[in-house]
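Let's walk through a two-chain model together, step by step. Keep the picture open beside you as you read.

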Amino acid sequence: MTGRRVVIAAVVAAAVVTLGWLMFEALGRRLAAPIPDQEPAPAAPAPAAARGPHIAATLYFIAEDGVTLQGAPAEVPLRETPGAQAQALVEAQLAAEPPAPLARAVPAGATVRGVYVTGRDDAYVDLDGAFVKGLGGGSHRELLAAYAIVSVVTTNLTPITRVQILIDGREVETLTGHVDLREPLRKNETLIRPTP
Amino acid sequence: MTRSARYHDRVVRRTAAALCLALTLAAVARVSLAQGPSPAPITVVSAQGRRSLTVATVNGGDYLSLDDVATALGLTLRDDRVTGTTTLAAGGRSAVLTPDRNVVSAQGRLVSLAAPPLRQDGRLIVTPEFVTRVVSLVIDRRVEFRRAGRLLVVGDLRVPRVVVRGEFAQNAAQVTLDISPATDTTVTAAGSQLVVTLGADAVDAAIPMVPVQGLLQQIRPGDTPNTLVLATGPRFASHRATVQAIDAGTSRLVIDLLAAGAESLSAAAPPAITMDPGPGLLRTVVIDPGHGGDANGTEGPGGTLEKTVTLQVSRRLKALIEGRLGLRVILTRDDDRTLDQDQRAAIANNNRADLFVSIHANAAVRPTVKGAEVYYLNVDRASLESRLAVQQPGQALPQLGGGTRSIDLILWETAQLRHLEQSATLASLIEGALRAKVEMSPSPVQQAPFRVLVGANMPAVLVEIGYLSHPDEEKALASAAHQDTIALALFDAISAFRARLERPAP
């Protein structure tokens, strides 16, 4: 009789411990989940990005204040060369839908024609004309769009420090009349809101 | 004369001499201790004529005797010994001041002054600002202080700004007067001087020193308020005067002074000596209405175009600067035309502008974003160093008449770099002036690599006057009243910047 009680007590104790562990684990995961108001959810990737090996990257969107950029995590396909990786990053930036409450910094429908990386840590990003047409106007929209492209390359591909934007294979003075694009641009930290 | 009479006479003479000496020494000591070198007088110019007022320097600033101001402008003064106040009155209007206090009650309003009225040696002294802001309310007329010409202009008088330059060669000299707003002039020879008479009530002239040579000895204000005098030298034989129109707002009078048998400077070799009016003056402002022609810029949800709003605000600002400061103002476009970015800076550079202000309206993805912003250029240090490395320090060019002339070549890409500090100052002044009148964006002053600012060889800023993408702000930006408010804020900032430039170095 005593031995039976001991077995029952051991089983009950094991069940309580197991239940407690399960509850603790579930609660812990819930507590560790990101709070939507403070940190954006991962950016919705382009359909092709889900296949094959990938890297953890940061894409850039317009912050809730409307005047700065804010980074959001995303998975971007792994590529073998810096040029191909830079192109994959820009493709992801152009295709990604912004997580709430962020907004798109680059025009929808624009595509990247190619990315060329030089031995001097510069990258040349060749975008199509839809990038300009979709901007509308205003210096701030132009600033944020240009620096979203610059930031996504320089942040995720550390050897690259400067990015020059080309349109339809050609060097341009500006996109819509404001930002000087005749030289490669460096990342502009003053335009980027720190991630909470 | 008896012996006692001679003795008496000697005593009287010695006493008188001692008294004179003592008085002179006391006066000299008082002036040197109290004021240091005496500053140039300030002249009150009104419809009744003009009167020169003595200026004292206190704490580094100009002060005028309130008694002198009252005499010049027909004010009565009354001291109240019980309250320690002084009342200025004219025609039933009045103001009450208390020495050492920055706030003055004038016509029921409180006026805050940068420097208070002071009592010195039993008399009240006030700043030119007191006259423009307090006395103007009492006499019910606008009073403007023209710092360069040291004029207090009372009422709506025509007082054009005149910037004088000179060039001198061996047998010829050329004096150029840029007059804003454009004004009729005549030049007459009278003995050993040439008198330039302007069709105006008075002249606000920035007159430089004349280098030693034999054709021209001095340029000075004339005996009447609307004249300037060129005192000619012993080698002067004849003169020739021509008038040129620079633009709608400025005329140029060129006076050639010739020695016997000489030809004018424009036909002779380039000048050997150049008389510069000085680096600190603001003479020409270029305003750049953003976009235009094929480039609409951004468009508000109600259809308001950026290129239209920027031109309207620019025209209002031009009228304010010309009318109130008398400066030369040039618009890069005064109609709906396409200009590329380099053309805009080139207009400023070719006209030797002292200030470049590009006017734009903004747009944001989020329609809730609103407010004005001011930008000045930011520069990539690495590319800057590579550009400066290839810049030539100077180059010798051959000149007509033989010899060479050294000129500094400034790369277009580096033109703005030398002015970045002043551009930042200007941006800060504009931000402050705009904030007092309109809403500012969350990022009111920023640096950005804006193309139009790169080649400007003078302090330069780009002002975003508001967001057309915000529906309410679009309506405001399209209204005349709001455009006037913005233009006035920009005018205030440019006036403050000009005052900084013209303030004597400490």
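Helices (H or I, at least four residues) and strands (E, at least two) are DSSP runs, numbered from the N terminus. This is a predicted model, in which local features need pLDDT of at least 70 and side-chain atom pairs count only at pLDDT 80 or more, while totals for chains, interfaces and linings use all residues. Residues are numbered from 1 along each chain as its sequence is written, and chains are lettered from A and ligands numbered from 1 in the order in which they are written.

**The two chains**

Chain A holds four helices and eight strands. Read from the N terminus, its elements follow the order α-β-β-α-β-β-α-α-β-β-β-β. Chain B has 10 helices and 31 strands.

A residue is called buried if 20 or more other C-beta atoms lie within 10 Å of its own, exposed if 12 or fewer, and partly exposed in between, with C-beta atoms placed from the backbone. By that rule, 40% of the 196 residues of chain A are buried, and buried residues make up 40% of the 506 residues in chain B.

Two residues are in contact if their C-beta atoms, placed from the backbone, lie within 7 Å. Among contacts in chain A between residues at least 6 apart in sequence, 67% join residues at least 24 apart. For chain B, 65% of the contacts with a separation of 6 or more are between residues 24 or more positions apart.

**Where the chains meet**

**The nonpolar cores**

A nonpolar core is a set of buried Ala, Val, Leu, Ile, Met, Phe, Trp, Tyr and Cys residues joined through C-beta atoms within 7 Å. The largest one has 109 residues, and A:Ala146, A:Ile149, A:Val153, B:Ile430, B:Val461 and B:Leu490 have the most contacts inside it. H4(A) gives the most to this core, with 10 residues. Another core lies apart from it, with 60 residues that include B:Val44, B:Tyr63, B:Ala72 and B:Val135.

B:Val461 is in contact with residues such as B:Val357, B:Tyr375 and B:Ile430, leaving aside neighbours within four places in sequence.

**A helix and its cover**

Helix H10 (residues 480-502) of chain B has 23 residues, which at 1.5 Å a residue should span 33 Å; its end C-alpha atoms are 32 Å apart, so the two values agree. (The expected span is 1.5 Å times one less than the number of residues.) Among the buried residues of H10(B) are B:Ile486, B:Leu490 and B:Phe497. Their cover includes helix H7 (420-435) and strand S31 (460-467) of chain B.

**A covered strand**

Strand S27 (residues 372-377) of chain B is mostly covered, with six of its six residues buried. Two strands pair if DSSP finds at least two bridges between them. S27(B) pairs with strand S30 (residues 440-448) of chain B in the parallel sense over five bridges, and B:Ala372 stands opposite B:Met440. S27(B) and S31(B) run antiparallel, joined by three bridges, and B:Tyr375 has B:Leu462 as its bridge partner.

B:His470 is in the loop between S31 and helix H9 (471-478) of chain B. Is this residue, B:His470, buried or exposed? B:His470 counts as buried because 24 C-beta neighbours lie inside 10 Å. Its C-alpha atom is separated by 4.9 Å from that of B:Pro367, 103 residues apart along the chain.

In chain A, a cis peptide bond joins A:Ala100 and A:Pro101, with omega about 5 degrees.

| Residue | Phi | Other C-beta atoms within 10 Å |
|---|---|---|
| B:Asp121 | near 55 degrees | 8 |
| B:Asp140 | about 60 degrees | 12 |
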